[in-house]
Amino acid sequence: LTRIADSEKALGNFQGAAILFTEVVSLQRACAGNGSLAVAQTLIKVAQLMHEIGRHEKALQVIREVEDSLSLLHAQASGPNDSSKFPSNHRFAEKILEAQASAAFIQGQCLASRQEVPQAIDAFMRAINARPGDTRAKNLAASLLKQQGDYRESLQLYVGSLPKSMEQCTAEHTATLNDLANLLLMLGHYDLALTSFEQCLKVKRATGAENVSLAITRNGLAVILKKLNRFSESMTHYRAALKILVNEYGENHPQVADTLENMTLLLEAQAKAVPSFTKRFAALNKAQLMQKQVVAIRKITAGALHNATVKSKRILQRLEAAIASFERG
């Protein structure tokens with residue numbers, strides 16, 4: 001029955017798999033009682049499936065059953081017992097900790113989905129305490145702590161999710177590197193954010209994938225390089241990101257418009273920084289043409305009266321006014 005349930009899960013039939021795993025739990029309880037590690041492990045599978053299909057309340061209810069089962073198991077194992085049923089060895093203790101960590105992690109996911117942020121953070125921290133190497137729990141807790149404004153704790157968790165050396169980062173660390181870089185950027189630590197984004201880009205490019213994830217990292221790099229007044233490098237990354245996004249979504253897409261608008265603002269900043277009248281005027285003209293594209297895309301994707309369209313129109317008007325001023329004098 002467990003194999004059939006696993007097969008249904010692999011096929012994406014989460015509801016059917018959850019029903020089958022629930023039947024497995026009933027059989028396990030009939031054979032070994034509720035204070036069984038096998039019962040707790042199967043209940044965890046049910047809870048995860050309930051979370052996957054959006055039944056968060058049911059998942060939390062199942063997690064409470066897991067906690068009851070593990071508590072009973074602890075009580076039975078700590079008293080006089082059958083050593084064959086409750087082996088007092090390191091591996092058995094590890095399995096209990098693993099079950100506790102998995103249950104706390106799923107609980108955190110469900111609570112986060114219900115916007116119960118402080119409770120979700122607490123659950124993820126319990127998962128981390130039981131399973132210190134759980135990078136997913138650290139990343140999710142860090143993200144929620146960032147939402148709460150606890151930047152120091154968030155930063156510690158992101159850093160704790162990474163290898164000691166940036167050079168040891170692999171594809172599994174790219175999301176953490178990206179999130180860490182964005183937090184450092186927000187806190188104004190531009191050089192550190194740049195290092196994190198650059199390492200993220202290096203790892204992603206090693207996979208050979210030209211996807212949206214790579215475009216997001218390139219956009220992040222472009223933002224930091226602009227703040228460091230490294231305009232030419234910033235534009236290189238924006239162009240690379242734009243190419244990926246157009247290939248992925250087509251020309252009329254909000255993310256394409258966002259990147260084009262960032263390029264417009266970069267050209268505007270560049271125009272203010274260059275002493276040459278000719279170069280300044282050329283940059284503003286190029287920015288104006290680009291912003292006209294942005295406005296056109298906004299009208300198609302969001303409508304003429306949408307806030308994003310109105311904001312883009314104001315940028316275009318500002319550029320037109322600057323160009324008119326140049327032409328007058």
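R126 and D122 form a salt bridge, with their closest N and O atoms 3.3 Å apart. By salt bridge I mean a side-chain nitrogen of Lys or Arg within 4 Å of a carboxyl oxygen of Asp or Glu. Both residues sit in helix α6, 4 residues apart, about one turn of the helix. Helices here are DSSP runs of H or I with at least four residues, strands are runs of E with at least two, and the numbering goes from the N terminus. R126 is partly exposed at 34% relative accessible area, and D122 is partly exposed at 43%. The cut-offs are under 20% for buried, over 50% for exposed and partly exposed in between, with a 1.4 Å probe and protein chains only.

Before going on, the basis. This is a predicted model, in which local features need pLDDT of at least 70 and side-chain atom pairs count only at pLDDT 80 or more, while totals for chains, interfaces and linings use all residues. Residues are numbered from 1 along each chain as its sequence is written, and side-chain values use heavy atoms, with hydrogens and water left out.

Back to the charges. The whole structure has 13 salt bridges. One of them joins K45 and D6 at 4.0 Å, N to O. K45 belongs to helix α3 (residues 37-52) and D6 to helix α1 (residues 2-10), so this pair ties together parts 39 residues apart in sequence. Both ends are partly exposed, K45 at 32% and D6 at 34%.

Another salt bridge is E98 with R131, at 2.5 Å, N to O. E98 is in helix α5 (residues 90-113), and R131 is in the loop between α6 (117-130) and α7 (135-148), so the pair links parts 33 residues apart in sequence. Is R131 buried or exposed? At 18% relative accessibility R131 counts as buried, whereas E98, at 38%, is partly exposed. There is also a network: salt bridges with shared partners join E57, R64, R114 and E116.

Now the rings. The structure holds 4 aromatic pairs. A pair needs the ring centres of Phe, Tyr or Trp (its six-membered ring) within 6.5 Å; planes under 30 degrees apart are stacked, over 60 edge-to-face, and the rest tilted. F281 and F326 have ring centres 6.0 Å apart and planes at 45°, so they are a tilted pair. F281 lies in helix α14 (residues 277-301) and F326 in helix α15 (residues 307-328), so the pair ties together parts 45 residues apart in sequence. F281 is partly exposed at 24%, and F326 is buried at 18%. Together with F277, these two form one aromatic cluster.

Next, helix α11, residues 212-227. Its 16 residues should span 22 Å at 1.5 Å a residue, and the end C-alpha atoms are 23 Å apart, which agrees. The expected span is 1.5 Å times one less than the number of residues. Which helices do the buried residues of α11 pack against? They pack against α9 (174-186), α10 (190-206), α12 (231-249) and α13 (254-273), where contact means heavy atoms within 4.5 Å. Among those buried residues are V212, L214, R218, N219 and L225. After α11 comes N229, with a positive phi near 60°.

Last, the α1 end again. I4 lies in helix α1 and is partly exposed at 47%.
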